Amino acid sequence: MIVYVSSVGGDIAQSITGIIYKKFDSPYIVGTDLSPENSGKAVVDLFEISPSVDSENYFLWLSSFLKMHSIEYFIPVNERELHALASLSHEELSQILGNCLLIWAGRNAVNIFEDKLATSKFLEGIGVRTPAYFLGLESINSSDFPVIVKPNRGAGSRNLFVCHTRLELEAALSLVSTPIIQKYVGDIDNEFTAAIFRNSIGETKVINFRRKLSAGATGWAKVSPNAGIELVCEKIASSIDLNGSINVQFRLDQGQPTVFEINGRFSSTVYMRHLLGFEDLLWSLGRDESFADFDQSRVAGAETLKLNDFRIWSRV
């Protein structure tokens, strides 16, 4: 089994490589990043420096790289890389991949969920609760505060500002490039992150965590089944014809699940949920023996902790 994982200097890629080494017999993992000055080269069998996805020869390099190393599975992690792959036609993508299988959530998930404004409009269109969004200062009344300002693209809670006044809002907008403004909903004690996996025949599994953030990502999580959240997750998955794994972030607002962000890719909780039997990376790679039997009610109340900055997770 020969696997290529991109952006191996990051926590998500290193979680992915950890799962593969743990669960497969003698895998060979090739990893890349833009620089050798990171820990990624210590967690793969072969490390190489890749060109930026913005470079003119990126796709030519990728096609040659996949063939040269006889890559069987390609797991892209970087959002800009996913965007570039999703921009290709089916024929162009097939020509680049050759016999290699691309492990991702699909073109629809990437194209919609990489853009938070597009995500909000999509959710409204399928009847899923999402925070109100505002297109500019002039559309916000004093009764709309507090609001959230964050980048329209990108994940995590970096460059996120909670604004209670127009003055704070103006300051936040000056600091965030291409921002989106959303109504602040719920509270930090009722925040959830749910992973959804849907296979090629439309069967769906969900695991839902109540969470606390640490340095912009999930640092503590507790499995918290919620029928309302599960229904929303299944609706989102079927609406985009999902074939793969995505991550949906909720808050309860007036007791109702309200989606404020979706990551159309493997998320930073991939190893954490793997420990609890939600083995969506394995399912994506064709190892689906555990899929039929998974039921999050069996692990309800289980807690996981981030132990250090290298994404070592432990089940409590």
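**View 1. Gly9 and Ser7 in the loop between E1 and H1.** Gly9 is partly exposed, with a relative accessible area of 30%, where buried means under 20% relative accessible area, exposed over 50% and partly exposed in between, for a 1.4 Å probe and protein chains only. The model is predicted, and local features therefore need pLDDT of at least 70 and side-chain atom pairs count only at pLDDT 80 or more, whereas totals for chains, interfaces and linings use all residues. Residues are numbered from 1 along each chain as its sequence is written, and side-chain values use heavy atoms, with hydrogens and water left out. Gly9 is placed in the loop between E1 and H1; helices (H or I, at least four residues) and strands (E, at least two) are DSSP runs, numbered from the N terminus. Apart from its neighbours within four places in sequence, Gly9 is in contact with Gln14, Asp33, Asn38, Ser39 and Gly40, contact meaning heavy atoms within 4.5 Å. The C-alpha atoms of Gly9 and Lys23 are separated by 21 Å, the two residues being 14 residues apart along the chain. Ser7 lies in the loop between strand E1 (2-5) and helix H1 (11-23), and its phi is near 50°, a positive value in a residue other than glycine. Ser7 is buried, with a relative accessible area of 18%.

**View 2. The open sheet of E6, E9, E7 and E8, with helix H7.** The four strands follow the order E6-E9-E7-E8, with antiparallel pairing, two strands being paired if DSSP finds at least two bridges between them. E6 and strand E8 (161-163) each have a single partner strand and stand at the edges, so one side of each is left without a neighbour in the sheet. E7 pairs with strand E9 (residues 179-183) in the antiparallel sense over five bridges, and the bridge partner of Pro151 in E9 is Pro179. Helix H7 (residues 166-175) lies across E7, E8 and E9 and runs at about 155° to E8; axes are lines fitted to C-alpha atoms, for helices over the stretch in contact, and angles run from 0 to 180 degrees between N-to-C directions. In the loop between strand E6 (133-134) and strand E7 (147-151) lies Pro146, and the peptide bond from Phe145 to Pro146 is cis, with omega near 0°.

**View 3. The strands E10, E11 and E12.** E10 pairs with strand E11 (residues 204-214) in the antiparallel sense over seven bridges, and the partner of Ile196 in E11 is Val206. These two strands form a hairpin with five residues between them, where Gly202 in the turn has a positive phi of about 85°. E11 is also joined to strand E12 (residues 217-223) by six bridges, the two running antiparallel, and Lys212 has Trp220 as its bridge partner in E12.

View 4. Not counting residues up to four places away in sequence, Val259 touches several residues, including Leu123, Val128, Val232, Ile236 and Phe250. Gln254 counts as exposed, at 74% relative accessibility.
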